[in-house]
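Visitor: I'm new to this one. Can you walk me through it?
Guide: Here it is.

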Amino acid sequence: MRNEQQISTSVLVIGTGGSGLRAAIELAEAGTDVLAVGKRPRHDAHTALAAGGINAALGTMDAEDSWQQHAADTIKESYFLADPRTVQVVAEGAARGIEDLERYGMNFARETDGRISQRFFGAHKFRRTAFAGDYTGLEIQRTLI
Ligand SMILES: Cc1cc2nc3c(=O)[nH]c(=O)nc-3n(C[C@H](O)[C@H](O)[C@H](O)COP(=O)(O)OP(=O)(O)OC[C@H]3O[C@@H](n4cnc5c(N)ncnc54)[C@H](O)[C@@H]3O)c2cc1C
């Protein structure tokens with residue numbers, strides 16, 4: 001027996017990890033009709049496995065941090081293989097990414113005064129990794145869903 005259903009949408013997002021879900025939210029907030037489709041259960045994406053945290057030069061722990069330093073650390077640690085323009089887009093936009101996740105309700109680890117906690121991770125000059133315990137990716141996935 002055929003069991004078909006037709007659905008129409010303006011934009012079809014294929015893949016429901018962090019990038020697909022985030023893109024779908026951006027479109028929906030702009031008033032565009034969007035459908036996000038994944039091939040696995042909704043919590044099953046690489047995004048949900050990320051444990052260490054998410055990098056952004058918020059300067060909550062080390063005020064001298066900057067997106068330029070984040071970009072420089074990233075390019076150096078890539079042994080100069082990373083595309084500088086892509087690194088700039090990611091490093092410069094990272095703080096907005098965190099702000100958006102906060103707005104969607106993500107439970108970041110915080111200091112007692114309410115600041116988002118940041119810790120060292122990878123090849124950073126400053127503490128730059130925001131996190132949610134050791135389940136940051138799972139919390140990102142939950143928040144975006
Ligand atoms: C164990 C682990 C730890 C990590 N730790 C960190 C960390 O601490 N910090 C950090 O920044 N990054 C970390 N990463 C990397 C980070 O998780 C990924 O770079 C990021 O989640 C990628 O997101 P994505 O949306 O592009 O891909 P994914 O999360 O992989 O999402 C892709 C989605 O597309 C779906 N899909 C694929 N093909 C199809 C298809 N044909 N049709 C429909 N759906 C499809 C998949 O099922 C999946 O749901 C880690 C990764 C792993 C695996």
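Guide: A residue counts as near a molecule if one of its heavy atoms lies within 4 Å of it. This is a predicted model, where local features need pLDDT of at least 70 and side-chain atom pairs 80 or more, while totals for chains, interfaces and linings use all residues. Residues are numbered from 1 along each chain as its sequence is written, and side-chain values use heavy atoms, with hydrogens and water left out.

Visitor: Which residues come nearest to the ligand?
Guide: Ser19, His46, Thr47, Gly52 and Gly53, out of 19 residues around it.

Visitor: What does Ser19 do there, in terms of polar atoms?
Guide: A polar side-chain atom of Ser19 is 2.6 Å from a ligand oxygen atom; a polar contact is a pair of N or O atoms within 3.5 Å. Thr47 also has a polar side-chain atom 2.6 Å from an oxygen atom of the ligand.

Visitor: Which helices supply at least two residues of the shell?
Guide: Helix H1 (18–29) and helix H2 (46–49); helices here are DSSP runs, H or I, of at least four residues, and strands (E) of at least two, numbered from the N terminus. The largest share, three residues, comes from H2.

Visitor: Changing topic: which residues of H3 are buried?
Guide: In H3 (residues 67–77), they are His70, Ala71 and Asp73. Buried means under 20% relative accessible area, with a 1.4 Å probe and protein chains only.

Visitor: Why are they on the same side of H3?
Guide: Because they cover an arc of only 165 degrees around the axis, taken from the directions from the helix axis to the C-beta atoms.

Technical notes. Polar contact = N/O pair within 3.5 Å; in protein donor to acceptor, adjacent residues only side chain to side chain. Buried < 20%, exposed > 50% of the residue type's maximum accessible area, 1.4 Å probe, protein only.
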